[in-house]
Amino acid sequence: MSSARPGSPGATRQCPHCRETILESAAVCPACRHHLRFGAGAVAPLAPALTPLCIEGSIRHPAEGEPWEYTVVVSIRNDRGEEIAHKLIGVGAMNPNEQRTFTLSVEAVSAKAKSPAKGGTRH
């Protein structure tokens, strides 16, 4: 969880469905895509307001050779170069002639310091 106080930009909480750490302001969990809030004002945007970074790449195992193993790791650094997050996303193996495509995107929305909509349900 973050050190930001509840209700402030960057404050986090745990998704009640998948237990991932998510932004407190999220109406839909970005990890499991379950809805977290219902009612007026809790409609999640269909697309983020801004996607400042989106990278997609593929790797293909050659037709010959031993199977490959892979590990997908994401790290986040602040403006001083200090690592503030480091996550193992997934592992796997590829046999000859198999391909994997990896996509990394950063979604950004305006941080609005407001309380959840009245009458909405929060798990």
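Colleague: Is R100 buried, partly exposed or exposed?

Modeller: R100 counts as partly exposed, at 24% relative accessibility. Buried means under 20% relative accessible area, exposed over 50%, and partly exposed in between, with a 1.4 Å probe and protein chains only. Please note that this is a predicted model, in which local features need pLDDT of at least 70, side-chain atom pairs count only at pLDDT 80 or more, and totals for chains, interfaces and linings use all residues. Residues are numbered from 1 along each chain as its sequence is written, and side-chain values use heavy atoms, with hydrogens and water left out.

Colleague: Which residue does R100 meet in a salt bridge?

Modeller: The R100 side chain meets that of E98, at 3.5 Å from N to O. A salt bridge here is a side-chain nitrogen of Lys or Arg within 4 Å of a carboxyl oxygen of Asp or Glu. E98 is partly exposed, with a relative accessible area of 28%.

Colleague: How many salt bridges does a search of the whole structure find?

Modeller: The search finds 2. R80 and E82 also form a salt bridge through their side chains, at 3.0 Å from N to O. R80 counts as exposed at 61% relative accessibility, whereas E82 is partly exposed at 40%.

Colleague: Let us turn to H61. Where is it placed?

Modeller: H61 is in the loop between β4 (50-60) and β5 (68-77). Strands are DSSP runs of E, at least two residues in length, numbered from the N terminus.

Colleague: Is H61 buried or exposed?

Modeller: H61 is buried, because its relative accessible area is 1%, and buried means under 20%. Its side chain reaches the backbone oxygen of E66 at 2.6 Å.

Colleague: What does H61 touch?

Modeller: Leaving out residues up to four places away in sequence, H61 touches E66, P67, W68, M94, N95, P96, N97 and E98. Contact means heavy atoms within 4.5 Å.

Colleague: Where does N97 lie?

Modeller: N97 lies in the loop between β6 (83-94) and β7 (99-108). Beyond its neighbours within four places in sequence, N97 contacts R60, H61, P62 and A63. The C-alpha atoms of N97 and E64 are separated by 7.7 Å, although the two residues are 33 apart along the chain.

Colleague: Finally, which residues make up the largest nonpolar core?

Modeller: That core consists of C15, I22, A26, C29 and L36. A nonpolar core is a set of buried Ala, Val, Leu, Ile, Met, Phe, Trp, Tyr and Cys residues joined through side-chain atoms within 4.5 Å.

How values were computed: Helix = DSSP H or I, 4+ residues; strand = E, 2+ residues; numbered from the N terminus. Polar contact = N/O pair within 3.5 Å; in protein donor to acceptor, adjacent residues only side chain to side chain.
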